[in-house]
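Have a look at the fold before reading on.

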Amino acid sequence: MRLTINPAFFLVFLVFPLTVFSQDKYNLDFDDFNPKEQKMPTGWFKWGYFKGLTGETIDKENTVGKVVSDKNGTFGCITYSIPANYVGDTIVLSGKIKYENVKGYVGLLMRIDGNSKKKSLAFKSMQNQKIRGTSDWKEYSIKLPFPANAKTIYVGGILGKKGVAWFDDFKVSIDGKDIQELEESKRLTLENYNSSELELALSKASRKLDFSSEETLRNSLDPLIEKIGDKKIVAIGESTHGTSEFYQLREIITKRLVIEKGYSLVVLENPYDDIEILNKDLDKTPLDSLMRKHLFSIYQTQEMKSFLQWYKANKSQYNIKFKGCDDSFWVFYELIKENIDSINDKVLKKLLEELKSNIAKSATDDLKKAYKVNNSIYNNILEIENHLETTKKITESIKEILFNGKNTYINYVNIKNQKPFQSRDEIMADRISFLAKNSDSKIIVWAHNAHISNEIITDNEIGIMGRNLKKEFKKDYYTIGLTTLKGNYSYMDEKFINGDHIYNEKLKTESLQPVDSLFWEKKLSQNGN
């Protein structure tokens with residue numbers, strides 16, 4: 001697959017937010033309400049199906065929001081909208097709730113939207129806490145990461161099924177500061193910038209990459225290599241998986257970081273266990289066979305084979321390791337058995353048999369049974385780990401395998417214990433963090449731009465990996481995004497690339513379509529040409 005791209009640029013520039021001052025107060029206490037002229041307090045509106053949403057004046061100085069269930073729907077939410085013109089990391093909604101005869105649930109709700117109307121950036125509801133029955137006023141709170149690209153903050157009080165609920169004294173805080181007192185920071189877009197000034201800034205802050213030969217490309221990367229050479233983790237992204245030029249760039253950057261800057265661990269967005277098996281068989285099995293069996297379909301390309309050939313030939317000389325950071329339910333038992341089989345221990349043998357039996361039982365369509373069995377698998381892993389530690393037979397490599405096994409099954413435990421579900425991004429971040437903290441190695445990560453991003457991009461999920469690593473390692477985490485404006489890209493029809501262990505999906509190709517919207521890619525292209 002080939003992709004024709006304009007010369008790319010690496011740019012660094014600072015944009016300072018335009019601060020504006022506002023005296024407006026949001027009506028989060030519901031008190032701006034005229035019952036003769038309004039059904040609901042000023043600014044509040046309805047989500048859901050219940051008709052009985054209104055304000056109720058308790059005394060002359062206090063109005064509350066009220067939601068009453070009816071037979072025509074499943075829930076009602078009294079909702080307020082706030083422009084997201086603020087900067088911060090964490091947003092908290094708190095509020096008081098009183099409720100009577102609630103049969104379903106009652107609680108707070110917060111949703112944060114970006115410019116796209118299709119998906120929210122972040123969402124949290126107290127629905128899963130199943131607060132029900134009758135209670136006098138109590139204060140509750142919920143918390144979310146505050147996305148940098150947020151456009152609108154929605155807060156609300158929600159009631160499900162049957163009952164009556166009252167809400168009062170809502171408070172929204174960003175990084176511990178009340179939003180009523182925060183200064184607004186107007187969000188700027190490309191359209192806000194003076195075109196000539198922006199082009200001048202891009203010209204000063206960018207450098208052309210010369211693709212005419214591998215040598216010229218290698219030489220034009222010199223400033224980047226010097227800039228990132230001392231970082232603990234360098235993540236190299238891609239805007240489309242499997243696309244040729246992105247992998248050529250990745251391979252060149254990776255080789256230089258290994259040879260010149262002492263990086264010795266490459267981590268791929270691919271099942272951890274599969275990469276471990278690939279490493280084990282690297283010297284005795286043809287690469288084509290290993291790739292088909294252990295790499296996601298998006299990586300079954302000539303460019304990936306080129307890197308693996310280089311890795312195979314140079315791993316001893318440069319002491320390089322190759323690992324994965326994604327889930328694998330398929331070859332975990334095979335991997336752990338091989339690593340502890342040589343330990344002569346009857347208890348350990350019995351624990352392995354129990355693990356094997358539970359993994360076999362986990363292949364069921366019965367959801368309730370699957371949750372129970374997968375919880376048992378997690379406990380099996382803990383028992384093996386505890387026994388090895390108690391008998392002092394555990395090694396660093398076994399610790400790593402067991403850690404990845406626990407991460408694979410952690411969400412079954414979270415569901416059982418009513419804890420928040422960990423996203424794929426969070427789990428990949430945990431695996432990379434484990435490798436970074438338990439090794440002196442400097443690490444190179446290969447993953448999609450959306451995963452390595454320093455900010456959450458969408459659904460309170462995509463981008464958490466990069467966000468978490470940036471928070472933990474700060475300046476020692478450095479990201480390189482690879483993107484393009486023209487040419488062809490590769491893709492596959494299957495949405496969930498880790499949905500099974502048969503990596504035979506066909507990579508397809510499609511042309512990038514021209515768009516009228518103003519993107520950074522357009523500005524970079526104009527500057528380059």
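What follows covers some strand pairings, an open sheet and a pocket.

First, some housekeeping. This is a predicted model, where local features need pLDDT of at least 70 and side-chain atom pairs count only at pLDDT 80 or more, while totals for chains, interfaces and linings use all residues. Residues are numbered from 1 along each chain as its sequence is written, and side-chain values use heavy atoms, with hydrogens and water left out.

Let's start with β11, residues 164-174. This strand is mostly covered, with 9 of its 11 residues buried (buried means under 20% relative accessible area with a 1.4 Å probe, protein chains only). Strands here are DSSP runs of E with at least two residues, and helices are runs of H or I with at least four, both numbered from the N terminus. Two strands count as paired if DSSP finds at least two bridges between them.

| Pair | Bridges | Example of facing residues |
|---|---|---|
| β4 (62-68) and β11 | 4 bridges | Gly-65 and Phe-167 |
| β6 (90-102) and β11 | 9 bridges | Leu-93 and Val-172 |
| β11 and β12 (177-178) | 2 bridges | Ser-173 and Asp-178 |
| β5 (75-83) and β10 (152-160) | 9 bridges | Ser-81 and Tyr-154 |

β11 and β12 make a hairpin with 2 residues between the strands, and Asp-175 there takes a positive phi near 50°.

**The open sheet**

Now for the sheet: 5 strands line up in the order β2-β5-β10-β7-β8, with antiparallel pairing. At the edges sit β2 (44-48) and β8, each pairing on one side only. From one strand to the next, the twist averages 25° (axes are lines fitted to C-alpha atoms, and angles run from 0 to 180 degrees between N-to-C directions).

**The second largest pocket**

How much space lies in the second largest pocket? About 1200 Å³. On a 1 Å grid over the protein atoms alone, a pocket is an open set of points with protein on both sides within 12 Å along at least five of seven lines, and lining residues have an atom within 4 Å of a point. The volume is the space filled by probe spheres set on the points.

Of the 34 lining residues, Lys-124, Asn-128, Lys-419, Pro-420 and Phe-421 are the closest to the pocket's centre. Elements giving two or more residues to the lining are β8 (120-125), β9 (133-145), α11 (396-416) and α14 (464-473). The lining divides into 11 nonpolar, 13 polar and 10 charged residues; Ala, Val, Leu, Ile, Met, Phe, Trp, Tyr, Cys and Pro count as nonpolar, Asp, Glu, Lys and Arg as charged, and the others, Gly among them, as polar.

Definitions and conventions:
1 Å grid on protein atoms, 1.4 Å probe; cavity = no way out; pocket = protein on both sides within 12 Å on 5 of 7 lines; lining within 4 Å. Buried < 20%, exposed > 50% of the residue type's maximum accessible area, 1.4 Å probe, protein only.
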